[in-house]
Amino acid sequence: MLNQWSERLWTYEEPLRFLGFEIGRIMTVIRLSSGGLFIQSPSELTAELKSALDALGEVRFVAPASKLHGHLYMEQYEAAYPTAELLAAPGLDVRRPDLQFDQLLGDTPDPRWAPDIDQVAILGNRWISEIAYFHRPSRTVILGDVGYHIGDGSPLKTRIMAHVAGVYKQVGPPLDFRLTIANNTSFRRSLQDVLAWDFDRVIPGHGDIIESGGKQAVLDGFEWML
Ligand SMILES: [Fe+2]
């Protein structure tokens with residue numbers, strides 16, 4: 001049920017309706033070189049998904065995309081994996097006081113995942129502030145709500161919405177988000193930090209995964225900001 005992209009990188013896609021549109025969401029699973037699993041944007045922990053994860057290794061870290069909906073189902077992981085650590089995107093700790101977060105994420109990766117994963121905090125607007133991750137061994141950048149990439153894999157209604165929102169076959173946040181970015185200078189600096197990574201694949205928060213040519217796609221998609 002998981003798609004494997006490289007030796008230690010998998011994704012799992014599940015449906016998500018947002019504002020009436022089926023945009024789906026993508027969970028990323030990374031097996032750290034130390035052995036444990038780092039999960040980003042967790043999907044509903046069904047029995048089937050749980051056994052697929054357990055076959056890969058021990059769940060150690062559960063990270064959200066943005067605080068918008070990247071934190072869904074984190075409580076299920078907290079219950080199923082008592083020794084796993086929950087990580088908070090900026091502002092998520094305030095949004096989900098029911099969860100016991102072990103760490104507030106910023107620009108500096110924890111030494112326990114830093115050998116494999118780098119990270120950059122992207123502060124957007126009051127709903128979308130998130131962490132972009134870079135899985136170094138597979139040269140993959142993982143985005144959340146600043147990285148929509150709706151393509152032919154989505155239903156017609158979603159594709160029409162994506163055209164209007166400027167995210168059809170283009171990496172980036174919807175147009176309305178672009179108008180509400182709190183600080184363009186820091187947003188641009190974060191993007192430049194992302195672009196400094198040597199990546200080729202992009203896993204967007206919603207839509208189609210870009211298998212190669214990802215850096216050019218991000219450059220093109222964020223031309224309005226850069
Ligand atoms: Fe999202």
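Phe38 is buried, and so is Phe61 (buried means under 20% relative accessible area, exposed over 50%, partly exposed in between, with a 1.4 Å probe and protein chains only). This is a predicted model: local features need pLDDT of at least 70, side-chain atom pairs count only at pLDDT 80 or more, and totals for chains, interfaces and linings use all residues. Residues are numbered from 1 along each chain as its sequence is written, and side-chain values use heavy atoms, with hydrogens and water left out.

**Aromatic pairs**
- The structure holds nine aromatic pairs. Rings of Phe, Tyr and Trp (its six-membered ring) pair if their centres lie within 6.5 Å; planes under 30 degrees apart count as stacked, over 60 as edge-to-face and the rest as tilted.
- The ring centres of Phe38 and Phe61 are 6.2 Å apart and the planes stand at 45°, so this pair is tilted.
- Phe38 belongs to strand β6 (residues 37–40) and Phe61 to strand β7 (residues 59–63), so the pair ties together parts 23 residues apart in sequence. Strands (E, at least two residues) and helices (H or I, at least four) are DSSP runs, numbered from the N terminus.
- Phe38, Phe61, Trp113 and Tyr133 are linked into a cluster by ring pairs.

**Charges over rings**
- Lys67 lies over the face of Trp127, 5.6 Å from the ring centre. The criterion is NZ of Lys or CZ of Arg within 6 Å of the ring centre and within 35 degrees of the ring normal.
- The charged end of Lys157 sits over the ring of Phe21, at 5.3 Å from its centre.
- Gly20 and Lys157 are 137 residues apart in sequence, yet 9.6 Å apart in space, C-alpha to C-alpha.
- Gly20 is in the loop between β3 (17–18) and β4 (21–22). At 31% relative accessibility, Gly20 is partly exposed.

**Helix α6**
- Helix α6 (residues 184–195) has twelve residues and reaches 16 Å from its first C-alpha to its last, close to the 16 Å expected at 1.5 Å a residue. The expected span is 1.5 Å times one less than the number of residues.
- Its buried residues are Phe187, Ser190, Leu191, Val194 and Leu195. They cover an arc of only 140° around the axis, which puts them on the same side of α6. The arc is that of the directions from the helix axis to the C-beta atoms.
- These buried residues pack against β10 (117–123), β11 (129–135), β12 (140–142), α5 (175–178) and α7 (214–221). Contact means heavy atoms within 4.5 Å.
- Asn183 caps the N-terminal end of α6, with a side-chain oxygen 3.0 Å from the backbone nitrogen of Thr185.

**Helix α7**
- Gly214, Ala217, Val218 and Gly221 are buried in α7. Their arc around the axis is only 100°, which puts them on the same side of α7.
- The cover over the buried residues of α7 includes α6 and β14 (201–203).

**His135**
- His135 is in strand β11. Its relative accessible area is 1%, so His135 is buried.
- The side chains of His135 and Ser138 are joined by a polar contact of 2.6 Å. Such a contact is a pair of N or O atoms within 3.5 Å; within protein, one must be able to donate a hydrogen and the other to accept it, and residues adjacent in sequence count only if both atoms are side-chain atoms.
- Not counting residues up to four places away in sequence, His135 touches Arg8, Leu9, Ile30, Asp116, Ile117 and Thr140.
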